[in-house]
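Please look over the structure shown below.

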Amino acid sequence: QVQLVESGGGLVQAGGSLRLSCAASGKIFSINVMGWYRQAPGKQRELVAAITSGGSTNYADSVKGRFTISRDNAKNTVYLQMNSLKPEDTRVYYCNANLAVIPGHRYDYWGQGTQVTVSS
């Protein structure tokens with residue numbers, strides 16, 4: 001059973017910082033891409049940032065220059081450092097991992113979500 005466990009969400013004032021963490025556990029053969037998505041009530045889930053096992057990154061335009069994604073492959077953990085937070089960053093943030101339990105069979109797994117609230 002694969003699990004993604006997130007931590008680090010909370011309430012912060014505009015201009016502040018938060019760091020999200022997500023650890024994947026269970027019988028994992030390999031992890032390809034890990035990423036963070038976010039979702040507002042009644043809206044579609046959107047990509048925030050993603051990182052490959054080799055360290056290549058991709059960011060949504062709205063967070064470029066403010067957010068930094070990183071990962072520790074040895075710990076199957078991905079991080080999202082969020083700086084200069086804005087009220088419009090208020091969302092539920094979800095961790096995603098594209099991983100294989102057995103070779104050649106990759107699937108997407110999701111964390112339970114963590115609330116980030118930025119007050120003005």
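The model is predicted.

**Hairpins**

Strand β4 covers residues 30–39 and strand β5 covers residues 46–51. They pair in the antiparallel sense, over 5 bridges. Trp 36 stands opposite Ala 49 of β5. The hairpin leaves 6 residues between β4 and β5. In its turn, Gly 42 has a positive phi of about 75°.

β5 also runs antiparallel to strand β6, residues 57–59, with 3 bridges joining them. Here Ile 51 stands opposite Thr 57 of β6. This hairpin has 5 residues between its strands. Gly 55 takes a positive phi near 100° there.

**Aromatic pair**

The structure holds 1 aromatic pair. The ring centres of Tyr 37 and Trp 110 are 5.0 Å apart and the planes meet at 65°, so the pair is edge-to-face; the cut-off for that class is over 60 degrees. The pair links distant parts of the chain, with Tyr 37 in strand β4 and Trp 110 in strand β10 (residues 105–110), 73 residues apart. Tyr 37 is partly exposed, at 23% relative accessibility. Trp 110 is partly exposed too, with a relative accessible area of 37%.

**Charges over rings**

Trp 110 has a further contact: the charged end of Arg 45 sits over its ring. Arg 19 lies over the face of Tyr 79.

| Charged residue | Ring | Distance to ring centre |
|---|---|---|
| Arg 19 | Tyr 79 | 4.2 Å |
| Arg 45 | Trp 110 | 4.7 Å |

Conventions:
Residues numbered from 1 in each chain as written. Predicted model: local features only at pLDDT ≥ 70, side-chain atom pairs only at ≥ 80, totals over all residues. Heavy atoms only, no water. Pairing = 2+ DSSP bridges. Helix = DSSP H or I, 4+ residues; strand = E, 2+ residues; numbered from the N terminus. Phe/Tyr/Trp six-rings, centres within 6.5 Å; stacked < 30°, edge-to-face > 60°. Buried < 20%, exposed > 50% of the residue type's maximum accessible area, 1.4 Å probe, protein only. Lys NZ or Arg CZ within 6 Å of the ring centre and 35° of its normal.
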